[in-house]
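Subject: Structure handover

Hi,

Here is the structure I promised you. Please open it and keep it beside this email as you read.

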Amino acid sequence: MPLPFSDASSHESPAPQTIRRCGPCNACCTGTLRLEIEGQKIERDHPCRHCTREGCNIYVARPAGCRTFTCGWLTAQSHLPEFMRPDQCGVILLLDRLHWRSVPVDLAVAVERRIPAQTLAWLIAYARQHRRPLIYQVDEEWEGVGPHEFGQALRRAVAQGRRLW
């Protein structure tokens, strides 16, 4: 039986235009997201070798994988306010990477080990107010906000070992 979640790569959409700049934010480079750039595995406690406190030291000439990645805060259609920049709020929000019943799901990945309480409260309130399914991380566990059936589907996916992002 196929999982009720589908990878967004099966839902083609135009690449978003960025209207914001990373600036000093380097949350995606610090190991928050599991990536492989130029043969280097980037994961918790193993940041990209180009990552500095000021940002990426090769930003202008960064690899293709970095150029094509856009966090939810950077996308042109971002619903996130300025204070939700990942290095300021403690979360990287991934938009349209996952779908449930053809509905885009927001996926919140903690920059550190846990999403700060104020950020998590904002995300949950926003998800409920706008009826946007949300998956978020609490330590190494995943929780969800959405209809009851969404929560059931999330628990099944996690129990089956499905990688969410």
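How many aromatic pairs does the structure hold? It holds three. Bear in mind that this is a predicted model.

Start with tryptophan 100 and phenylalanine 150. Their ring centres are 5.4 Å apart and their planes meet at 75°, so this pair is edge-to-face. Tryptophan 100 belongs to strand S6 and phenylalanine 150 to helix H4, so the pair ties together parts that lie 50 residues apart in sequence. Both residues are buried.

Next, tryptophan 122 and tyrosine 126. This aromatic pair is stacked, with 5.1 Å from centre to centre and 15° between the planes. Both sit in helix H3, four residues apart, which is about one turn of the helix. Tyrosine 126 is buried, because its relative accessible area of 17% is under the 20% cut-off. Tryptophan 122, at 23%, is partly exposed. Ring pairs also bring in Phe83, so that Phe83, Trp122 and Tyr126 form a cluster.

Now the core. The largest nonpolar core has 38 residues. Ile92, Ala108, Leu134, Ile135 and Tyr136 have the most contacts inside it. Strands S6, S7, S8 and S9 each give two or more residues to this core, and so do helices H3 and H4. S6 provides the largest share, seven residues.

Leaving out residues up to four places away in sequence, isoleucine 92 touches a list of residues including Ala27, Leu33, Phe69, Pro86 and Val109.

Best wishes

Note on methods: Residues numbered from 1 in each chain as written. Predicted model: local features only at pLDDT ≥ 70, side-chain atom pairs only at ≥ 80, totals over all residues. Heavy atoms only, no water. Core = buried A, V, L, I, M, F, W, Y, C linked by side-chain atoms within 4.5 Å. Buried < 20%, exposed > 50% of the residue type's maximum accessible area, 1.4 Å probe, protein only. Contact = heavy atoms within 4.5 Å. Phe/Tyr/Trp six-rings, centres within 6.5 Å; stacked < 30°, edge-to-face > 60°.
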